[in-house]
Amino acid sequence: MGLILIPRGHTDDAAITSTPAAVPGLGPNNLQVSDRGAVYRVLGDSATLQVDLPSTARIGALVLWRHTLSTAANWRVRLYEEPALGGTLQYDSETTAAIPAKALGELDWGIDPLGAAIAGMDYSYMLLPDDLVTRSIRIDIADPGAERIEVGRLFGGGTLRPAFNFRWGQALAWERDTVRTRTAAGGLRVEAGTPWRRLKIALEWLQDDERAAWASLLRDAGNGREIWISARTGEGGRTEADNALLGYLVDNPEMTREQVFRYSLPLEIEEA
């Protein structure tokens, strides 16, 4: 499937309610804030979120970011035509694992059972086959045996899916603000910082009929608003998961007209 990108989080403008009620001060409104200190938390091992969009919008992907779900957790997403989960049920993901399984080559044979989930992954994403025009969303989350459900961010919206994938040379790096100090005795003290990812791709075959949508990304999001990118969609395992992130454009890239009906666009995204 290749590259899928959410240029704008329509769920940021929605009214979100939680069942059961969230811990006071840690309500579902925190899901709409890009702040690692603001989280949504429910006590117990299951929670349901009802997301009512202020108006009809296209939804092609949903992301739960910075959560505490275990490898045993699952979730289910349903999209509805009308507010308050009314009207036609447009999409039902059915119950699916919140954490994807390792690819066969990633399994530690003799230790991992077949289908073992990726340990330590704190985000989940649901990519729909195509964008759907919808008005309300129901998200069911379950983590059997857990004492609480905690999520830092909900991000969902319409998607950009280029007709031609990015060129070879895609780069992915883990960066850290590590402090290195040399002592008087000559030893080296290292305080390792928390890692974050930086993803770099170059689209070289954007078509003329795609230009306006990608130009809107540059104009509306720029480098000051979050976007979601899944660069290796469909590859599965750690490769797909590592190349999917919520973040910001590092700078304001230029879209270049290479030929009459072809444009190029380099993108560099830093994890939020």
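Colleague: Where's E94?

Modeller: In the loop between β6 (86-92) and β7. Helices (H or I, at least four residues) and strands (E, at least two) are DSSP runs, numbered from the N terminus. This is a predicted model, where local features need pLDDT of at least 70, side-chain atom pairs count only at pLDDT 80 or more, and totals for chains, interfaces and linings use all residues. Residues are numbered from 1 along each chain as its sequence is written, and side-chain values use heavy atoms, with hydrogens and water left out.

Colleague: Is E94 buried or exposed?

Modeller: Exposed, with a relative accessible area of 55%. Buried means under 20%, exposed over 50% and partly exposed in between (1.4 Å probe, protein chains only). Phi of E94 is positive, near 60°. Most residues other than glycine have a negative phi.

Colleague: OK, and what's the phi of R66?

Modeller: About 55°, so positive without being a glycine. R66 is in the loop between β4 and β5 (74-82), and is partly exposed at 22% relative accessible area.

Colleague: Which residues does the cis peptide bond join?

Modeller: T19 and P20, with omega about -5°. P20 is in the loop between β2 (15-19) and β3 (40-43).

Colleague: Switching topic: how big is the largest pocket?

Modeller: Its volume is about 300 Å³. A pocket, on a 1 Å grid over the protein atoms alone, is an open set of points where a 1.4 Å probe fits, with protein on both sides within 12 Å along at least five of seven lines; lining residues have an atom within 4 Å of a point. Volume is the space filled by probe spheres set on the points, which are joined across faces, edges and corners.

Colleague: Last one: how many residues are between β12 and β13?

Modeller: 5, in a hairpin whose turn has G186 at a positive phi of about 95°.

Note on methods:
Pairing = 2+ DSSP bridges.
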